[in-house]
Amino acid sequence: MLIRLIYASEVATTLSPSAVQEIVEKARATNQRRHITGALAFDSHAFLQVLEGERETVSEVFCHIAKDSRHRRVQLLESVAVDERLFATWSMGFAAADAHGRDTFLRHSSDDHFAPLNLSAKSALGLLSALTTH
């Protein structure tokens, strides 16, 4: 069964740009092998990610993320069965959630900054879609 899982978390430790790039590259390779698609948005304070794939595989990845010491306050926003992938072309799309996205943040939330722990699943999905298509 194909599912879409969306989560948000706070960054538990300072991550350099090269560390974030390494995370993204590793996720892309792992996700491609495991037939997972999705997207990640990140600023220096928070992560927002959507994962799509087979239920068991996505659940395993999410459990690994929830235990990862780089995350705290991991919040599951949604895990739903879906008929098709929205991020089918991305083994892991990535967007820096920086000040350039202010208008995008306002379109998908009540905040003018990246605040994924305050988002509904629908808003989070809209924000990730918007950030990864620009």
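Mentor: Buried means under 20% relative accessible area, exposed means over 50%, and partly exposed is in between, with a 1.4 Å probe and protein chains only. This is a predicted model, where local features need pLDDT of at least 70, side-chain atom pairs count only at pLDDT 80 or more, and totals for chains, interfaces and linings use all residues. Residues are numbered from 1 along each chain as its sequence is written, and side-chain values use heavy atoms, with hydrogens and water left out.

Trainee: Okay, is Phe47 buried or exposed, and why?

Mentor: Phe47 has 3% relative accessibility, and the limit is under 20%, so Phe47 counts as buried.

Trainee: What makes Phe42 and Phe47 an aromatic pair, and why is the pair called tilted?

Mentor: Rings of Phe, Tyr and Trp (its six-membered ring) pair if their centres lie within 6.5 Å; planes under 30 degrees apart are stacked, over 60 edge-to-face, and the rest tilted. The Phe42 and Phe47 centres are 5.0 Å apart with 40° between the planes, so the pair is tilted. Phe42 is buried too, at 9%.

Trainee: How many aromatic pairs does the structure hold?

Mentor: Two. Tyr7 and Phe62 also form a tilted pair, with 5.7 Å centre to centre and 55° between the planes. Tyr7 lies in strand 1 (residues 2-11) and Phe62 in helix 2 (residues 55-67), so this pair ties together parts 55 residues apart in sequence. Those elements are DSSP runs numbered from the N terminus: helices are H or I with at least four residues, strands E with at least two.

Trainee: Why is Glu10 with Arg72 called a salt bridge?

Mentor: The term needs a side-chain nitrogen of Lys or Arg within 4 Å of a carboxyl oxygen of Asp or Glu. Glu10 and Arg72 meet at 2.9 Å, N to O, so they qualify. Arg73 also bridges to Glu10, at 2.6 Å.

Trainee: Which of these residues is buried, and which is exposed?

Mentor: Glu10 is buried at 19%, while Arg73 is exposed at 52%. Arg72, at 42%, is partly exposed.
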